[in-house]
Amino acid sequence: MSSDGPSTNGAGDVPTVLVRDSDGRQLLCFLEQLIPLDGNDYALLTPVDTPVCLVKIADDDDSDDEVIDELSGAEPILSVADVVLQEHDLTLVRSAVTLTVSGELDEPDPEDLDDEIEEGDDDEESDLYEMLIQFRAEGEEYGLFIPLDPFFVVARMENGEGRLVEGEEFERIQPRIEAELDERELGEG
C-alpha cells in the first residue's frame with residue numbers, strides 16, 4: 001500500500017483513508033466525498049468498522065439512558081464489553097472519533113426495522129440506535145449501540161492521510177461542507 005494517496009480496499013472500488021485525531025488514535029474510513037476549500041482538500045468519510053456508542057442503561061423507567069461521551073474513565077467498563085464482544089467474534093476498537101466494532105455483524109433486517117416503526121414506538125431514541133450488546137459492569141447495566149443514521153467523519157487530507165477536523169476548525173468548516181454537498185446534490189438532480 002502506498003502512502004501517497006487514498007488506497008482501495010479489497011473490493012477495489014471504494015478508496016479508504018486512514019484518519020488520525022489529535023491524540024494519535026486512528027480510524028480507517030471509506031472516502032465518500034472530497035471537497036476543496038481554502039486550498040485544503042477536506043474528505044467526508046464513513047468508518048470501515050461499525051461505529052458504536054457506550055450507554056449506561058437506566059435502572060428504572062423514570063430515568064433516561066445516558067450516553068457516555070467521555071471514555072477516559074470508562075476503561076474498566078470497556079474491558080467487560082471486550083469480553084462480551086469476543087463471545088460473538090467481534091472486537092471493540094478504541095479508535096479516533098468513536099468506538100468501533102470490527103468483525104462480522106449481523107445486518108439488521110430492514111423489514112424488522114419497518115415493523116418497529118409501524119408499532120408507533122413513542123421513544124424517539126430507539127429509532128436512532130440499535131442495541132448490539134448489553135452487559136453488567138461495576139454494578140450497572142450498559143450497552144453498546146449502533147447508530148442507524150450514517151456516521152460521517154470530516155478530515156483534512158495531508159500527504160495521503162486524513163487529519164481529523166476538530167474544535168474551531170470543524171465549527172468553521174462544517175457549514176461550508178454541507179453547503180457544497182447540497183450544491184452537488186442539486187447538480188446531480
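In the predicted model, helix 4 contributes eight residues to the lining of the largest pocket, the largest share from any element. This pocket has a volume of about 950 Å³, and 37 residues line it. Two or more lining residues come from each of strand 5 (50–57), helix 1 (75–86), strand 11 (153–158) and helix 4 (167–188). The residues that lie nearest the centre of the pocket are Val97, Thr98, Phe151, Phe152 and Val153.

Thr98 is located in the loop that runs between strand 7 (91–94) and strand 8 (99–102). The relative accessible area of Thr98 is 11%, and because this value falls under the 20% cut-off, Thr98 is classed as buried. Leaving aside residues up to four places away in sequence, Thr98 touches Pro51, Val52, Val93 and Phe151. One of these neighbours, Val52, also has its backbone oxygen 3.3 Å from a polar atom of the Thr98 side chain. Phe151, another residue touched by Thr98, is likewise listed among the residues nearest the centre of the largest pocket.

The aromatic residues were examined next. A pair of aromatic rings is described by two quantities, the distance of the centres and the angle of the planes. A search of the whole structure returned one aromatic pair. In this pair, formed by Phe135 and Tyr142, the ring centres are 6.1 Å apart and the planes stand at 25 degrees. Because an angle under 30 degrees counts as stacked, the rings of Phe135 and Tyr142 form a stacked pair. Phe135 and Tyr142 are both buried.

Cysteine residues were also considered. The structure contains zero disulfides. Cys29 has a relative accessible area of 0% and is therefore buried. Cys53, at 15% relative accessibility, is also counted as buried, since the cut-off for this class is under 20%.

At the level of the whole protein, the secondary structure consists of four helices and twelve strands. Of the 189 residues in the protein, 32% are buried; Thr98, Cys29 and Cys53 are examples of such buried residues. When contacts with a separation of 6 or more are considered, 52% of them are accounted for by residues 24 or more positions apart.

Notes. Residues numbered from 1 in each chain as written. Predicted model: local features only at pLDDT ≥ 70, side-chain atom pairs only at ≥ 80, totals over all residues. Heavy atoms only, no water. Buried < 20%, exposed > 50% of the residue type's maximum accessible area, 1.4 Å probe, protein only. Polar contact = N/O pair within 3.5 Å; in protein donor to acceptor, adjacent residues only side chain to side chain. Contact = heavy atoms within 4.5 Å. Disulfide = S-S within 2.5 Å. Phe/Tyr/Trp six-rings, centres within 6.5 Å; stacked < 30°, edge-to-face > 60°. 1 Å grid on protein atoms, 1.4 Å probe; cavity = no way out; pocket = protein on both sides within 12 Å on 5 of 7 lines; lining within 4 Å. Points joined across faces, edges and corners; volume = space filled by probe spheres on them.
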